[in-house]
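Me: I have a model open and would like to learn how to read it. Can you take me through it step by step?

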Amino acid sequence: MKYKVDLHVHSRFSGDNDSDPEESIMRAIRLGLTGIAFTEHYSYEASEPVEALREKYGNAIAIFRGVEFSSEDGHCLVFGVDTDGLQVGTHAPAEELVRAVNRCGGVVIPSHPYRKGSGVGDMILDLKGICAVEGYNGCNIHAFNVRAVEMAKRLKLPFTGGSDAHLPEEVGLCFTAFEERPTYENLVPLLQGGRYMGVDARKISKGLHFGKAVNYK
């Protein structure tokens, strides 16, 4: 059995959309997801309001919190660390971010690395200490995702999937399929362990995947 988690979801607390996190959670439950991760822009504290929703929906789905950190070099997903308390600048270089997060026991995953303007691009080849690459992003065009997956394989790293949803109906477009059930206690060790794979749920004929670019920043 695969445990499906959308590892990249935004809500109105990111400041760039009006999405109600509760509606996104309900959408994830209807889709049969095991978990959903709110990774608001810039701030870990921004996702604090979803803590109350764990009590309401905790028996149906795991509700994780992370952050999408806007480093100097591009966006990165961070789990297991309150980035607001790190001794790094708001737009610190990606290398500095990775070192700080790893010291605190968290993990860094470059998000949509080949999206123009907000991905780290080929810098990913020299970015030491990342635990994975976001391979399938629901707001990317297919070519950007293909390139990200290729780089993950070249680096011998696992790749994740996340919708990058800014609307409830976008939840689950891409997700990460884990071999073991993720919990609040083991999410970071599972991400470090690598027994998972990103999945693009947007299918067309011949088993290919595609997606209309939405170019969220």
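Predicted model: local features only at pLDDT ≥ 70, side-chain atom pairs only at ≥ 80, totals over all residues.

Me: What is the order of the strands in the open sheet?
Reply: Terms come before the case. Strands (E, at least two residues) and helices (H or I, at least four) are DSSP runs, numbered from the N terminus. Two strands pair if DSSP finds at least two bridges between them. Here seven strands form an open sheet in the order β5-β4-β3-β2-β1-β8-β9, and the pairing is mixed. β5 and β9 stand at the edges with a single partner strand each, so one side of each has no neighbour in the sheet. From one strand to the next, the twist averages 30°. Axes for such angles are lines fitted to C-alpha atoms, for helices over the stretch in contact, and angles run from 0 to 180 degrees between N-to-C directions.

Me: Which strands pair with β1, and in which sense?
Reply: β1 pairs with β8 (residues 174–178) in the antiparallel sense, over three bridges. With β2, β1 pairs in the parallel sense, also over three bridges. Lys4 has Ala177 of β8 as its bridge partner. Val5 is bridged to Gly35 in β2, and Val9 to Phe38 in β2.

Me: Is strand β1 largely enclosed or open?
Reply: Check burial. Buried means under 20% relative accessible area, exposed over 50%, and partly exposed in between (1.4 Å probe, protein chains only). In β1 (residues 3–9), six of the seven residues are buried, so the rest of the structure largely encloses this strand.

Me: What do β1, α1 and β2 make together?
Reply: Handedness is read with the strands pointing away from you: a crossover is right-handed if the path from the first strand over the helix to the second runs clockwise. β1, helix α1 (residues 21–30) and β2 make a right-handed β-α-β unit.

Me: How many aromatic pairs are there?
Reply: A pair of aromatic rings is described by the distance of the centres and the angle of the planes. Rings of Phe, Tyr and Trp (its six-membered ring) pair if their centres lie within 6.5 Å; planes under 30 degrees apart count as stacked, over 60 as edge-to-face and the rest as tilted. The count is three. One of them joins Phe64 and Tyr184: centres 5.5 Å apart, planes at 70°, so edge-to-face. Phe64 is in strand β3 (residues 62–70) and Tyr184 is in the loop between β8 and α5 (187–193), so the pair ties together parts 120 residues apart in sequence. Phe64 is buried at 3% relative accessibility. Tyr184 is partly exposed at 37%.

Me: Which charged end sits over the ring of Tyr184?
Reply: The rule needs NZ of Lys or CZ of Arg within 6 Å of the ring centre and within 35 degrees of the ring normal. Arg54 places its charged end over Tyr184, 4.0 Å from the ring centre. Lys4 lies over the face of Phe175, at 5.5 Å.

Me: Where are Tyr42 and His112?
Reply: Tyr42 is in the loop between β2 (35–41) and α2 (51–57). Its phi is near 75°, a positive value in a residue other than glycine. His112 lies in the loop between β5 (107–110) and β6 (133–137). The phi of His112 is near 30°, again positive.

Key: Residues numbered from 1 in each chain as written. Heavy atoms only, no water.
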